[in-house]
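Thanks for coming. I will go through one model today, starting with confidence and then moving to the contact between the chains.

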Amino acid sequence: MDDHQFKEGAKAALPIALGYLPVGMAFGILARKAGLTTFEVGWMSLLVYAGASQFIAIEMISKGILWFPIVMATFFINLRHLLMSSTLSLYFKKNRFRTLSLLSAQLTDESFAVAISNTSKILNRPSYLFGLQMTSQLAWIAGSVGGALFGKLIDHKEYGIPFALPSLFICLLLIQIKKVRHLWVMVIAGISSILFKWAFPGNWYILLTGLLASGIGMAFEIKLIPSPSTASGSGEPLARRGEGEPARRTSSLERGGGGKNKG
Amino acid sequence: MKLDTLYLILGMGIVTFLPRFLPMAFLTRWVIPERVKMGLGYIPISILSAIVFPILFFNEAGKVEIQPYYLLSAFPVFIFAWKVKSLWLSVVLGMLIYWGLGLLL
């Protein structure tokens with residue numbers, strides 16, 4: 001564990017913490033109303049740590065639904081993390097399973113988005129991601145336990161709190177836009193997410209949009225950067241891809257990996 | 001803790017862990033084809049768009065309904081965040097505008 005990287009990651013998590021504390025409080029309050037104890041609220045935020053699923057679980061509990069359907073619903077809601085975990089895997093080659101399991105256990109939409117907003121910070125730097133995610137989860141647990149204990153002190157709909165996380169996501173989205181084709185993918189993803197949400201129940205729209213729009217993005221790249229017809233995978237094709245952005249990312253990944261070996 | 005709640009928390013813990021862990025565990029050990037990497041590169045934009053835009057056009061019950069407070073707050077945050085790529089300032093600005101709108105309207 002690298003202390004400096006950990007602290008850097010913890011600092012990067014502060015905007016997330018600002019959003020998680022009040023939302024966590026709202027969860028704690030509602031969970032108490034649905035009949036969970038403060039102790040159970042804390043354990044759920046520690047072991048499950050998935051905002052949308054926790055709120056839906058509370059909703060289902062208060063309707064008298066038993067544990068198994070809630071677990072199934074949770075499973076489907078969180079399939080979207082498959083895509084985020086796949087993306088992060090590019091930056092953590094050569095880490096032990098234990099490290100990877102801790103890193104991935106705390107993955108959320110927000111921490112993923114902050115982590116990916118500056119990939120040079122996370123490339124083979126698990127301590128940075130630990131700092132970022134530990135701080136975020138700490139805020140979530142503190143918020144939800146706080147809400148369960150002293151629920152009525154703060155109204156979580158006041159002081160612009162409902163717009164904290166949306167603002168964070170807007171900024172994180174715009175950080176990702178570096179080229180005109182990124183803007184196109186944003187427009188396509190925006191429109192298709194609205195259509196998917198309208199057409200399908202639950203949270204499927206995020207996973208479906210992720211697959212569709214990143215597929216279209218990939219198609220743009222393949223069209224713009226002619227790549228070798230088949231996967232020959234070495235030597236000359238790499239040189240040909242030299243001008244393209246993904247190839248540069250690859251080579252920096254390889255450089256990063258090499259640097260770690262030396263160090 | 002009631003047994004039912006114990007099953008609930010453990011079950012939710014397991015099913016949230018698996019999709020977070022499995023790709024990270026295995027894709028880090030495999031060689032990823034270049035084209036798949038290109039696709040993965042677009043996942044952040046796609047997912048963030050899918051999180052941001054529906055917030056503006058759906059109500060809390062998940063029905064289509066324009067959210068005037070969110071739209072009016074989002075517009076300046078978009079412009080600000082585009083110019084000044086600061087997470088902190090974007091969050092504070094967004095909260096202030098949303099709060100202000102609530103007081104004014």
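**Confidence, then contacts**

This is a predicted model, and chain A has a mean pLDDT of 82, with 83% of its residues at 70 or more. Where in chain A is confidence lowest, and where is it highest? The lowest is helix α14 of chain A, residues 236–240, with a mean of 39, and the highest is helix α3 of chain A, residues 38–47, at 96. Over residues 229–263 of chain A the pLDDT is below 50. That stretch has 27 contacts in the model beyond near neighbours in sequence, so please read those contacts with the pLDDT in view.

Next, chain A as a whole. Its secondary structure is 15 helices and zero strands. Of its 263 residues, 49% are buried. Taking contacts in chain A between residues at least 6 apart in sequence, 77% join residues at least 24 apart.

Now the contact between the chains. Chain A puts in 87 residues and chain B puts in 64. On the chain B side, α1 (3–27), α2 (34–41), α3 (43–57), α4 and α5 each supply at least two residues. Which of these gives the most? That is α1(B), with 18 residues. By type, the side of chain B that touches chain A divides into 46 nonpolar, 12 polar and six charged residues.

One helix pair across this contact can be described in detail. Helix α2 of chain A, residues 14–33, packs with helix α5 of chain B, residues 87–104, at an angle of about 30°, and their axes are 8 Å apart. Because the angle is under 35 degrees, α2(A) counts as roughly parallel to α5(B). From α2(A) the contact uses A:Pro15, A:Leu18 and A:Gly19, and from α5(B) it uses B:Leu87, B:Trp88 and B:Val91. Five of these residues are nonpolar, one is polar and none is charged.

Staying with α5(B), its 18 residues should span 26 Å at 1.5 Å a residue, and its end C-alpha atoms are 26 Å apart, which agrees. Its buried residues are B:Leu87, B:Ser90, B:Val91, B:Leu93, B:Gly94, B:Met95, B:Ile97 and B:Tyr98. What do they pack against? They pack against α2 and α11 (164–176) of chain A, together with α4 (68–83) of chain B.

That brings in α11(A), where 13 of 13 residues are buried.

One residue on the chain A side is A:Met218, in helix α13 of chain A, residues 204–224. A:Met218 is buried, because 20 other C-beta atoms lie within 10 Å. Leaving out residues up to four places away in sequence, A:Met218 touches B:Arg35, B:Met38, B:Gly39 and B:Tyr42. A:Met218 and A:Val185 are 33 residues apart in sequence and 9.9 Å apart in space, C-alpha to C-alpha.

Last, two backbone entries. A:Lys94, in the loop between α6 (81–89) and α7 (97–105) of chain A, has phi near 65°, a positive value in a residue other than glycine. A:Lys94 counts as exposed, with 11 C-beta neighbours inside 10 Å. A:Asn124, in the loop between α9 (119–122) and α10 (126–149) of chain A, also has a positive phi, near 55°. With 18 C-beta neighbours inside 10 Å, A:Asn124 counts as partly exposed.

Definitions and conventions. Residues are numbered from 1 along each chain as its sequence is written. Chains are lettered from A and ligands numbered from 1 in the order in which they are written. This is a predicted model: local features need pLDDT of at least 70, side-chain atom pairs count only at pLDDT 80 or more; totals for chains, interfaces and linings use all residues. Axes are lines fitted to C-alpha atoms, for helices over the stretch in contact, and angles run from 0 to 180 degrees between N-to-C directions. Helices (H or I, at least four residues) and strands (E, at least two) are DSSP runs, numbered from the N terminus. Angles under 35 degrees count as roughly parallel, over 145 as roughly antiparallel, 65 to 115 as roughly perpendicular and the rest as oblique. Two residues are in contact if their C-beta atoms, placed from the backbone, lie within 7 Å. Ala, Val, Leu, Ile, Met, Phe, Trp, Tyr, Cys and Pro count as nonpolar, Asp, Glu, Lys and Arg as charged, and the others, Gly among them, as polar. The expected span of a helix is 1.5 Å times one less than its number of residues. A residue is buried if 20 or more other C-beta atoms lie within 10 Å of its own, exposed if 12 or fewer, and partly exposed in between; C-beta atoms are placed from the backbone. pLDDT is the predictor's confidence in each residue, from 0 to 100.
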